[in-house]
Amino acid sequence: MWPGRKRRGEVAATHSTSGLQGRNRTWLSRGNDLGVPSLDTVQFEWHALSVPEVIHQLSTSTTTGLLASQVSEKLTCYGDNAVSPIRNRIAKRILGYLFKGFGTVLFVATILAFTAWGIGQPPAPADLALAIALLAVFHIQAGFNIWQDWSSRREMASMMRMLPECCKVLRDGANCDILVDQIVPGDILFIETGDRLPADIRFTEVSPSAKFDRSLVTGESMPLHAAVTTTDNSYLESNNIGLQGTYCVSGKSTGVVVATGDNTILGRIMKQTNSPSNRKSPLAREVTNFIILICSAVAVVVAAFIIVWSVWLRKRYPDWITVPNLLILCISVTVAFLPVGLPVAVTAGMTVSAKIMRQHRILCKSLDSVETLGSVSTLCIDKTGTLTQNKMFVTHCTVGSTQTTLDEARDTLEAYPAGSVFQLWTVAGLCNSSEFDDPTAELPIHERTTHGDATDQAIFHFSEQLHEVATLHQSWKLVSEIPFDSKSKYMAKAFRPVNEHVLPRMCPTTGPCTSNILITVKGAPDILLGRVSTYLADSGAHACFDSNVRQHIEGIVQEWAVRGLRLVLLAHKTFQDTVFSSPEDSSELDMESQMRAGLTLTGLVGIADPLRPGTFNTITTLRKAGIRIFMLTGDLAHTAQAIGVECGILTTTQVDTVEALYCSHTIDPSLQALQLGIDLHVRSDAIVLSGQEIGSLAKDHWDRLCRYREVIVARTTPEQKLQVIRELQSRGEIVGMVGDGINDSPGLRAADIGITIGSGSNTAIAAADLVLLGSLSAIVEALRCSRLMFDNLKKTVAYLLPAGSFSEFWPVFTYVVFGLPQILSSFLMIIICLFTDAVAAVSLTYEKPEGDVLLRKPRAPGRNRLVDWQLILQAYGLAGMLEMSLSFIMAYWYLQRKGIPFSDIWFTFGNLPDTIEPDYYQQQLNVASSIYFVNVVVMQWFNLLAVRTRRLSVFQQPPLFNKATNNLFLFPAIAFAFIMAIFWLYVPEFQKVLNTSPVPVENWFMAVVFGLLVLLVDELRKYMVRKRPRNLLASMAW
């Protein structure tokens, strides 16, 4: 049997690997202080064995791979190729459920309530009821935490399953794609550029340019060449071992899997060094800061009450507030002040957001990134594969300098097999890394599955349509290659002829051909034209590439670029050489030296890449949302500008160039009509420049560039994209990056939020925070979801504060300071905070986005806070003041009508006049307290409707009869609050124990009228804000 058994059915967990890079090498070489053996003491011998020995020990074959029976047996033995989940201690999780949020406060309050009941003389039944209610809420919130945790885990697991990662292996003699968790030791794995290694492998074949980025595992900053033979005594250091989690940055390779799951190097590191992350999201930190502020206010108020009681009341009015009463008073103030429903609403809001993201096929690796997206002020977007479909096809071509069509070229090749089109077909077919999938090779060309880069695929299909490429590869043997690089912007391959008759057709002379090497080149015209000395004439002969021909070619390039086509130049060169039998590095160097001059222009191809459906509308929506768009592309400036206009990034015909950044005197476009007669540069809102040009910009030039609304940077390298992002960030911008290629990965990592397309490279998907599995338009839904989550939490706070920390505080304050009776009993205060308000607050997390959510500017972290002075003014100064004052008036007005004037109980501290009978007074006080309770509960129903929108009318955002705006959870929450009121006020048994009483019918109607008043006042405020968005009232709007 094989070593390293793993139980079948263990589930993979998502681990954070960001903390691995710096310390892995030390851990792997020295072990750790937990007694885990280091690699030096573990038998990792695969790198030291020859390829045949590895194949033999793993019972596999390089020609057929594993058999189905072997795969089944090894899966049973090893289990899925997944790292075992981190084991969480059950006790720790249970304690987390119990004491999460305000669980600790509720637990302490419960103990104090039981204590107050126990030391009372005699024990008050109302105190016992309060303690039981707090204990029940403590367990209810724990149960809710359990449900939310389960729901969140289910949603995140569902999202992760949306992006299954596959790999290509050899099994039963055929190439097939399988899920990475089904890989077993002995599988023959094929790796291409951009692939992430799903397991530890031993290389059996590597291309000359195969390099791997090991920074995730070992911390190596530079990619390393892959090798077949051992290069080091250490398993970790040897280049013939590919480590799980590393990326193929160039070239191709084949290897045999030697370790999976926990037995890989990365699996061992994760198993020993990873632990669950306790890092809080920005929004969670803001909520925590608000809670700390509220708790501090509670501590101050409670401390003040205790001081007033101990210094004054206890001595002067010893019977007014006893010790048990003081404990209940402190509990009431604490629970009233704390927005107990807020932590629950935060969790519920994130779960709702995760569900929305899943519905729109958006893979969110962390909900932190959803919050960040709502603050993005500048979005840098790659063109190819992001704005466009990355489904390229050749629409224009030249043979030499002569424009032609595909049909004409095919006909010419059939008529003149040794002519110029033969050379074009040869270069297009050989200088390519694409290939057809074997099972689809017999289908029509447009139905075949093709592997490789999109540009390669387009030229490969073009070559195949001219003539079958398979026959071409039978005549040439690859000896060296330089893969495409975003810096050099070309690729090259060197071949030796297998058949002697093929090379003379590519030579520049009609006489005997003495060359033995053919170099084929494909790349950017602006890079390669300077290296061209001859071009193909129509006859197939090589003619001098003079200035007239160059000017003609440059005209074609510009003409096609303006049409939005991607331009690729094809060239070749033949020469006599003996170097290509030497080591790989020397071959590459020799190719570079040969390509510096003397190339023959074989032809040009213009490649179309259609925009993704809905791209224009997506860009338009993002612009309306206040987000600036920077297009960063490797294409020519004319091509990029044409695509920019087509997709809506450029909206003006006046476009600046880099010279505008060096102009020290500019004038705003809005002042152009003044015609001051001064020779100043009129700055446009748009600018197009190249990556090379931004490399020479000084700080003040960057300041000017970052003020443009529409920016296109063409001919960029990954380093230049990274530079743009960092320059924007250094100026306080929150930057998002959207890209799908390997060259976009540095930018995706550096941006505040990286976004990629589901069809992008594995490298880009690994680097991104958000993966759009559907269309690019899903980014609009992600943005809407991000802003909605923040808005709904803000509405939750605005709803909780008026009743909780305001309307319930003043009865206690007047009780302690003014000697008035506590007009709202402590038990009813708890019912509002923990039942009626908490449920309604959670219902707000299900609110639909307001119509203007994508018409506002992005939220600026640090300035646009969850709780700001405008929200406090709304909660306390408007809704809170109305609820508190009207509830006070109704309660004391009722007592006035029952013969208990306000003047007789003002500053009495329990010493009632002889004219008021104590039992009658207590009976009427119970009714007044219930009136206050009903008034607050009912007015909160209408406050719930009011805070649903911040600027829109409730009629513009109706909660019913409109699918886009309805929230059916509001009305069950209102019904629950009504049932709670009836339950505690109208059940006779509760009336006796809790000192509650039925409320006269007219007070219910008056409470509804007052609630309508709250809604009407807020509607008037919103109308004034919409009518005059720049006046003082609008600046005070929350």
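These are my notebook entries on a predicted model, from the whole chain down to single residues.

**Ground rules**

I number residues from 1 along each chain as its sequence is written, and my side-chain values use heavy atoms, with hydrogens and water left out. As the model is predicted, local features need pLDDT of at least 70 and side-chain atom pairs count only at pLDDT 80 or more, while totals for chains, interfaces and linings use all residues.

**Whole chain**

I looked up the overall make-up and found 37 helices and 31 strands in the protein chain. Helices (H or I, at least four residues) and strands (E, at least two) are DSSP runs, numbered from the N terminus. Of the 1038 residues, 55% count as buried; buried means under 20% relative accessible area, exposed over 50%, and partly exposed in between (1.4 Å probe, protein chains only). I noted an accessible surface of about 44500 Å², with 58% of it belonging to carbon and sulfur atoms. Those areas come from the Shrake-Rupley method with a 1.4 Å probe, and for residues only the protein chains shown count as cover. Among contacts (heavy atoms within 4.5 Å) between residues at least 6 apart in sequence, 76% join residues at least 24 apart.

**The nine-stranded sheet**

Next I traced an open sheet of 9 strands with mixed pairing, in the order β10-β31-β30-β29-β11-β23-β28-β27-β24. β10 (362-364) and β24 (655-656) stand at the edges with a single partner strand each, so one side of each has no neighbour in the sheet. I call two strands paired if DSSP finds at least two bridges between them. β27 (residues 686-690) and β28 (residues 710-714) pair in the parallel sense over 5 bridges, and there I found Ile687 with Val711 of β28 as its bridge partner.

**Strand β30**

Is β30 (residues 753-757) buried or exposed? I found 5 of its 5 residues buried, so the strand is largely enclosed by the rest of the structure. Side chains in a regular strand alternate between the two faces of the sheet. In β30, Ile753, Ile755 and Ile757 point one way, and Gly754 and Thr756 the other way.

On to its partners: β29 (residues 735-738) pairs with β30 in the parallel sense over 3 bridges. The chain goes from β29 through helix α26 (residues 745-750) to β30 in a right-handed β-α-β crossover. By right-handed I mean that, with the strands pointing away from the viewer, the path from the first strand over the helix to the second runs clockwise. β30 also pairs with β31 (residues 770-772), in the parallel sense over 3 bridges. The crossover from β30 through helix α27 (residues 762-767) to β31 is right-handed too.

Most residues other than glycine have a negative phi, and most peptide bonds are trans. I therefore listed the exceptions. The peptide bond from Gln121 to Pro122 is cis, with omega near -5°, and Pro122 lies in the loop between α5 (103-119) and α6 (125-160). Lys489 has a positive phi of about 65° and sits in the loop between β16 (476-482) and β17 (490-497). What is the relative accessibility of Lys489? I read 9%, so Lys489 counts as buried. Asn995 has a phi near 60° and lies in the loop between α35 (988-994) and α36 (1001-1027). At 36% relative accessibility, Asn995 counts as partly exposed.
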